[in-house]
Amino acid sequence: MPFRTILAITGVRDGDGDIKLAAGLSEQTGAHLSVMAVALAAPPPIGDYAAPLSDAWAEERRMDMANLDKRTQAVQGLLAAMPISSDVTSAYAEMGWSDEIIGRRARYADLTVIGPEMLSGGTLRNKALEGALFSSGKPVLLAPAGSMPSLRPKKVMVAWDSRLEASRAVREALEILTRADEVRVVLVDPVEGENDHGEEPGADVAVYLARHGANVAVDRLPRSGQDVADVLRRHAGDMSADLLVMGAYGHSRLRERIFGGVTKSMLGEPSLPILMAR
């Protein structure tokens with residue numbers, strides 16, 4: 001589907017790099033850019049020292065909101081000088097609800113862009129990723145430091161495991177895939193059979209993409225005792241991929257947090273722009 005609205009998230013202490021990156025993508029595709037400035041509210045004091053600290057807590061929150069207002073105005077000024085359609089909203093979000101607040105805003109965009117400044121952050125980074133992935137129903141584009149993200153990439157790699165999440169990611173990226181010069185569907189240790197990857201692993205998704213006009217090929221790779229994420233990263237480097245398309249959290253979020261998983265590894269160390277969906 002075409003990307004008509006792109007969402008960028010910024011914190012009160014972030015620079016303007018992520019916004020400029022998202023603005024470049026908006027200009028590339030003719031999309032509207034929405035920017036959401038977010039400040040995480042200081043939690044209230046509890047226990048024996050709650051009463052003496054309440055005034056300090058209230059003052060901290062007041063300063064947080066003033067800084068958020070200042071950041072929002074600065075972003076408005078930045079966007080006013082850009083040749084794109086844009087808007088700015090802000091949210092002073094309680095920690096426990098911040099991911100849901102971000103996710104609700106992301107429902108009204110076609111794509112949420114998480115740039116290198118946000119990816120290098122702490123709590124807000126996690127809340128932005130969780131909200132965009134789990135509460136929006138829309139895809140997320142991760143743009144790590146040093147990368148050159150584009151919504152018109154020439155070489156795209158699709159990490160395919162035949163799960164629902166991978167299918168959703170391919171559907172969300174369909175316009176990108178059909179415009180690319182080269183699309184390589186990559187399977188790691190695929191299992192043949194009706195309940196797994198079919199009689200010829202990768203063939204069904206390749207035919208699906210080819211019917212839409214994509215120039216597609218299939219690569220079946222051995223895991224050879226390595227992490228799947230490492231195999232994918234290496235192959236993306238070998239083919240000089242401009243973008244990786246993959247599903248997010250094929251296992252439960254709790255399971256991946258405890259035991260690890262491909263999504264967790266990719267989120268922790270993205271080596272190229274990644275479009276994720278679930």
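When I speak of a strand today, I mean a DSSP run of E with at least two residues, and strands are numbered from the N terminus. Please keep in mind throughout that what we are looking at is a predicted model.

Is S34 buried or exposed? Its relative accessibility is 4%, and because buried means under 20%, S34 counts as buried. Leaving aside residues up to four places away in sequence, S34 touches T5, I6, L7, A8, D87 and R105.

Strand β2 belongs to an open sheet of 10 strands with mixed pairing, and the order, if you follow it across the structure, is β3-β2-β1-β4-β5-β10-β9-β6-β7-β8. At the edges stand β3, residues 86-93, and β8, residues 216-221, and each has a single partner strand, so one side of each is left without a neighbour in the sheet. From one strand to the next, the twist averages 25°.

As an example of the pairing, strand β4, residues 111-114, runs parallel to strand β5, residues 140-142, and the two are joined by three bridges. Within that pair, V113 of the model stands opposite L141 in β5.

Turning now to the helices, α3, which spans residues 98-106, packs on the sheet, where it touches β1, β2, β3 and β4, and its direction makes about 170° with that of β2. Helix α9, residues 228-238, lies across β6, β7 and β8, and runs at about 155° to β7. Which residues of α9 are buried? They are A229, V231, L232, R233, H235 and A236, and the buried residues of this helix pack against β6, β7 and β8, as well as against α11, residues 262-268. Just after α9 comes S240, which takes a positive phi of about 55°.

I would like to finish with the second largest pocket, which holds about 330 Å³ of space. Its lining is made up of 20 residues, and those that lie nearest its centre are V12, R13, V38, A39 and L40. Strand β2, where we began, supplies at least two residues of this lining, and so does each of the helices α2 (50-80), α4 (116-119) and α5 (123-134).

Note on methods: Residues numbered from 1 in each chain as written. Predicted model: local features only at pLDDT ≥ 70, side-chain atom pairs only at ≥ 80, totals over all residues. Heavy atoms only, no water. Buried < 20%, exposed > 50% of the residue type's maximum accessible area, 1.4 Å probe, protein only. Contact = heavy atoms within 4.5 Å. Pairing = 2+ DSSP bridges. Helix = DSSP H or I, 4+ residues; strand = E, 2+ residues; numbered from the N terminus. Axes fitted to C-alpha atoms, helices over the stretch in contact; angles between N-to-C directions. 1 Å grid on protein atoms, 1.4 Å probe; cavity = no way out; pocket = protein on both sides within 12 Å on 5 of 7 lines; lining within 4 Å. Points joined across faces, edges and corners; volume = space filled by probe spheres on them.
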